[in-house]
Amino acid sequence: MPVTRRRVFALLAGAATAVGVPSVWISTMKTYDGPVSDHFDGTRFFDPDGVPPKSLAEVLRWQFGTDRKRASWPDWLPNAHSDTPPPRVSGDKVRLSFVGHVSWLIQTRDLNILVDPVWSQRASPVSFAGPQRHNDPGIAFDALPKIDVVLVSHGHYDHLDIATLSKLTEKFSPRVITPLGNDITMRDADSAIKVEGFDWQDRVELGNGLAVTLVPTRHWSARGLFDRNKALWASFVLETPAGKLYIVCDSGYGEGTHFRRVAEKHGPLRLAILPIGAYEPRWFMRDQHMNPSDAVKALADCGAEAALAHHHGTFQLTDEAIDAPVNALADALKEAKIPPERFAALKPGQVYEI
């Protein structure tokens, strides 16, 4: 296929979503300004236990290299399931509905919480290029109950979707919890979004006995040409009446350090939600995205009783086939002698209760 100007733009838009590659458009967004810490140098955030993101030259090698093997996804896969959640879930039960990609609705103690909500057709900074949905959200937007809290893990376009956040704000006016700097991104785009920015290890009371703590994760962030790592990224430990949920929206595995630290500091964990997709080619993705084998190791490291898989099957961000993550997860669980029911891969619209 010839390397046309349009193809370069489209592929870079896709790469921007997959790994936060600085995009070809100039970002004029305001960025975080705060005190120096052990993970902020006064200008940019960093992971003391991580590695820097890939360079633009490496992105171009991945996108245009002659040895690239990118699987073809079907244009559209209709969902076999569709959830219509109840208005509220009372008591100590926790109801988790998989919307798709990394989006979840969590209901417990009469609070409704969304994680990384993306209802847009593209996970991209532009409407005409970048990754498109391959299936509908597992909950239609109009079927959502009143949303009280939204958790947004970081600024990549498949996680921080301004269009969806604005629709949620207009309809429900929820409280939005996010790592430092992403609050500035949201307010700059839509001043009505009720967003609060927090640092790693901050614990935030949500009401009705629930709380969330932002914890370090092996990743990074960017939305434009000049904002690489100027906003923070995080995973979440959500305290619920049924136990603690460890929600990892994007992460590499590395040496498993972050997962073991969460076990030590926040354990025991009732459930881990772990990413299993967007991992090929490994030479490019391994530092920022786990593959299913890594995710199985992460489950062992964090010690959660059970796990749910996500970050697969909705947007083609990388090169593996649409069904590869789920198939590889089954193989990895078998090799690790872990019962498959301990680490489930739901389809959009399916529900899990604890």
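This is a predicted model: local features need pLDDT of at least 70, side-chain atom pairs count only at pLDDT 80 or more; totals for chains, interfaces and linings use all residues.
## Thr314 and its neighbours

Thr314 touches Trp73, Gly100, His101, Gln132, Arg133, His134 and Asn135, leaving aside residues up to four places away in sequence. You'll find Thr314 in the loop between strand E12 (306-310) and helix H8 (324-335). Is Thr314 buried or exposed? With a relative accessible area of 0%, Thr314 is buried, since anything under 20% counts as buried.

One of those neighbours deserves a second look. The side chain of Thr314 reaches the backbone nitrogen of His101, at 3.1 Å.

His159 sits in the loop between strand E4 (149-151) and helix H3 (162-171), and its relative accessibility is 0%, so it counts as buried.

Which side chains make polar contacts with the side chain of His159? One belongs to Asp116, at 2.7 Å. Another belongs to Asp158, at 3.2 Å.

## His289, another buried histidine

Now look at the loop between helix H6 (282-285) and helix H7 (292-302), and you'll spot His289. This histidine is buried too, with a relative accessible area of 1%. Its side chain reaches the backbone oxygen of Ala278 at 2.6 Å.

How far apart are His289 and Gln121? In sequence they are 168 residues apart, and in space they are 23 Å apart, going from C-alpha to C-alpha.

A hairpin of two residues takes the chain from E9 to E10. Across this pair, Leu238 stands opposite Leu245 in E10.

E10 also pairs with strand E11 (residues 269-275), but here the strands run parallel, with four bridges between them. One partner to find is Leu269 in E11, which is bridged to Lys244. To get from E10 to E11, the chain passes through helix H5 (residues 257-266), making a right-handed β-α-β crossover.

Which residues of H5 are buried? They are His258, Phe259, Val262 and His266. Looking down the axis of H5, these buried residues fall within an arc of 100 degrees, so they line one face of the helix. Here's the handy rule behind that: an α-helix has 3.6 residues a turn, so residues three or four places apart point the same way. The buried residues of H5 pack against strand E8 (210-215), E9, E10, E11 and H7.

Helix H2 (residues 56-64) has its own buried set, namely Val59, Trp62 and Gln63. They sit on the same side of H2, because they cover an arc of only 95 degrees around the axis.

## The nonpolar cores

The largest nonpolar core has 42 residues. Which of them touch the most other members? The answer is Trp104, Ile106, Ile177, Leu206, Leu245 and Ile247.

Conventions: Residues are numbered from 1 along each chain as its sequence is written. Side-chain values use heavy atoms; hydrogens and water are left out. A nonpolar core is a set of buried Ala, Val, Leu, Ile, Met, Phe, Trp, Tyr and Cys residues joined through side-chain atoms within 4.5 Å. Buried means under 20% relative accessible area, exposed over 50%, partly exposed in between (1.4 Å probe, protein chains only). The arc is that of the directions from the helix axis to the C-beta atoms. A polar contact is a pair of N or O atoms within 3.5 Å; within protein, one must be able to donate a hydrogen and the other to accept it, and residues adjacent in sequence count only if both atoms are side-chain atoms. Two strands pair if DSSP finds at least two bridges between them. A crossover is right-handed if, with the strands pointing away from the viewer, the path from the first strand over the helix to the second runs clockwise. Contact means heavy atoms within 4.5 Å.
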